[in-house]
Amino acid sequence: MPFILSIVQRFKNERRNMSLTSRHLLGLQGVPKEDIQLILDTATTFREVLERPIKKVPTLQGKTIVNLFYENSTRTRISFELAQKRLSADTINFSTSTSSAKKGETFKDTVRNIEAMKVDMIVVRHESAGVPQYLTRISKANILNAGDGLHEHPTQGLLDMYSIREKTGSLEGLKVCIVGDVGHSRVALSNIFGLNSMGAKVSVCGPLTMIPVGIEKLGVKIYTDINKAIAENDVLNVLRIQLERKAGQVIPSTREYHNYYGITAERIEKNNKNILILHPGPINRGVEITSEVADGPYQVILDQVTNGVAVRMAVLYLLGTMH
Amino acid sequence: MQIVIKGTTLLDPQQKLNHKADLLIVDGIINKVGNLSKDDYRHSTVYEFDGKYSVPGFFDMHVHLREPGREDKETIITGSNAAAAGGFTGIACMPNTSPAIESAEVVRFIKEKCSLHPVEVYPVGAVTAERKGEALAPMHELFEAGAVAFSDDGTAVKSSGILRLAMEYAKMFNAPVIEHCEDPSMAGGAMNEGYTSTTLGLPAIPSIAEDIIVMRDIMVAEYVKGKVHIAHISTKNAVELVRQAKKKGIDITAEAAPHHFTLTEEYLKDFDTNYKMNPPLRTKEDVEAVIEGLKDGTIDCIASDHAPHAIEEKEMEFVYAPNGIVGLETTLGLAVTELVEKKHLTLSQLVEKLAVNPRKILNIPVPSIKEGEAANITVFDSKETWTVDISKFKSKSKNSPFNGVKLTGKPFAVINKSKLYSDEGFVNI
């Protein structure tokens with residue numbers, strides 16, 4: 001092989017090793033370990049950018065990204081928007097409540113119209129599971145899931161893993177317990193899929209009405225005793241408890257939940273002082289976690305928020321520069 | 001007018017008929033079974049159907065026609081055309097139209113619309129007013145106008161008290177109450193509950209939602225000595241409950257839809273709304289139990305639950321998309337492919353489940369291939385393979401998960417009411 005060709009070939013191989021296997025990020029289910037590793041490593045670079053006086057790189061200049069939010073969201077949308085601006089992409093926000101969207105134009109028509117304006121990437125949040133998958137069938141853009149129903153929230157899973165890795169150095173063999181309403185959480189599922197791929201040992205803890213059917217088939221251990229869960233794990237990822245009361249609510253009251261599953265300083269100090277606490281936010285202080293813990297030495301809750309921007313920059317960059 | 005159906009095997013389980021013979025049909029009446037003279041051939045239009053079967057016309061007892069109300073999805077005529085194309089000479093249509101089939105006027109409207117069509121349409125009346133589950137619909141009036149059964153299909157009759165009254169009332173006409181078995185307190189999900197729904201993050205319906213109502217319905221039927229028919233049975237436990245109830249002598253029958261003996265919940269993994277139905281696709285175990293139920297007679301018949309939906313309704317976010325698929329034009333192919341080819345049922349048993357039993361359940365005379373009888377016949381090929389192409393469907397709607405699937409078993413013609421339907425359309429005979 002002529003010398004020049006072998007150089008080209010090597011360059012191509014390296015490029016292939018440096019890119020993701022899919023041009024969309026729909027979820028963390030089935031995403032190979034190498035891809036997650038690549039995203040987390042790339043995020044480390046962008047995390048440094050965020051500490052600079054000028055927090056902007058020209059990487060996605062000329063790319064157009066639409067944030068298609070069919071569900072109320074403040075922090076995820078702001079985080080994505082900031083990540084896009086830091087990468088110099090042009091961003092458009094489309095926010096609507098699902099109820100009003102249902103009455104008017106179909107989702108497909110909305111997407112087709114937006115796409116006709118020539119967009120490169122779509123970041124989507126929707127209350128129905130499967131919408132990102134559906135989008136890949138009706139749009140040519142790169143699709144990035146920002147939360148679909150009770151299904152997945154992959155960038156949250158990634159930023160949680162990033163935040164854990166930042167503290168522990170590695171995810172391999174680490175014991176991580178997800179606490180709370182696992183059955184009504186897209187954060188839980190993305191964490192389980194991602195952490196499993198990275199070789200962590202994942203468990204869940206909560207009253208059994210909050211544990212979805214068949215979750216043990218994902219290799220997940222189930223705790224119903226929070227003290228035991230704290231004692232036996234390295235990390236707790238504490239989920240938000242929905243405050244709205246409605247028929248069919250899976251717990252009798254937030255008071256009862258707090259009394260039996262709330263993360264308190266007392267429980268941590270008694271069972272495991274080395275534990276690391278994560279929370280995807282927004283926090284219900286005094287329900288799933290006390291202020292003492294939420295603001296205390298064990299948690300990385302605000303780090304998660306900062307890391308979230310870096311991780312989203314990494315995903316946007318890796319997807320946006322794929323060929 | 002006279003025609004000859006040439007070269008088919010006559011298969012009529014009621015008469016234990018299973019031999020090759022030509023048929024002479026004069027003015028819609030079967031004139032000769034075999035032993036045709038040269039003149040018979042010479043004076044007739046001869047249909048060469050060599051190697052195919054002639055059987056009593058198929059009957060689908062679970063069809064949604066959408067008229068009145070949603071004529072954009074299906075009308076009585078387009079639904080009947082789809083039925084003819086699928087090999088059916090009779091169908092029963094469910095009352096969840098708008099207005100519902102809850103007055104004699106609507107029953108008469110449907111009967112009048114299809115009066116000239118070779119496919120007979122039998123309306124199923126609502127059990128309760130507006131299908132709300134609160135007060136009985138005028139069941140006697142509906143029956144007198146032509147309703148053959150009663151159902152709040154789409155939902156179960158909500159209150160056990162009302163169901164009890166309905167079964168008692170329907171007993172006066174020996175008509176069954178057809179139940180869509182789903183406990184309303186566990187309804188509303190988009191798929192079957194289990195490991196798959198957990199990994200897909202979709203709201204789900206547990207199988208016990210069906211089992212509980214089947215159990216309740218059996219108890220009510222036993223108590224009032226009423227007649228109940230379980231629509232689209234889909235769970236292992238429900239099949240077993242019906243099996244035991246039959247052993248006890250309770251007047252219960254059941255149907256299975258082709259998708260429930262063909263597909264499992266795993267097909268939902270790409271969030272394709274053409275796999276969204278209610279009852280939802282269940283597990284492999286449930287599919288096996290449904291097949292077992294069909295084999296041992298626990299499940300009496302096969303019904304499509306033909307549920308037409310517009311493209312824009314199905315091309316939607318998964319949770320919002322409506323339930324159901326069209327089925328009239330794929331039922332025979334799926335049944336032959338999954339049940340006959342795999343040796344679960346004989347062709348004769350299949351004909352019982354597609355032609356004989358549904359009519360018996362609804363007290364409709366079962367056609368016979370016999371001299372002197374009106375010709376009500378389906379001609380099909382049990383070996384021919386074909387590929388489902390939704391663009392060729394006669395149904396107005398195309399929401400089928402079977403597009404592109406290769407099936408064995410194809411309908412070729414139906415004969416009823418002095419008309420013959422084939423690929424070339426309808427002709428008077």
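Biologist: Why is strand E5 (residues 175–179) of chain A called largely enclosed?

Modeller: Four of its five residues are buried, so the rest of the structure largely encloses E5(A). Buried means under 20% relative accessible area, with a 1.4 Å probe and protein chains only. Strands are DSSP runs of at least two residues, helices (H or I) of at least four. This is a predicted model: local features need pLDDT of at least 70, and side-chain atom pairs count only at pLDDT 80 or more, while totals for chains, interfaces and linings use all residues. Residues are numbered from 1 along each chain as its sequence is written, chains are lettered from A, and side-chain values use heavy atoms, without hydrogens and water.

Biologist: What makes E5(A) and strand E6 (residues 201–205) of chain A a pair?

Modeller: Pairing takes at least two DSSP bridges. Five join E5(A) to E6(A), and the strands run parallel. Val179(A) stands opposite Cys205(A). E5(A) also has four bridges to strand E8 (residues 235–238) of chain A, again parallel. There, Val176(A) faces Val235(A).

Biologist: What makes the side chains of Arg165(A) and Asp41(A) a salt bridge?

Modeller: The definition asks for a side-chain nitrogen of Lys or Arg within 4 Å of a carboxyl oxygen of Asp or Glu. Arg165(A) and Asp41(A) meet at 3.0 Å, N to O, so by that cut-off the pair qualifies. Three salt bridges are counted between domain 1 and domain 2 of chain A.

Biologist: What area do domain 1 and domain 2 of chain A bury between them?

Modeller: About 2600 Å², 60% of it on carbon and sulfur atoms. Buried area is the accessible area (1.4 Å probe) lost on putting two parts together, summed over both.

Terms used: Buried means under 20% relative accessible area, exposed over 50%, partly exposed in between (1.4 Å probe, protein chains only).
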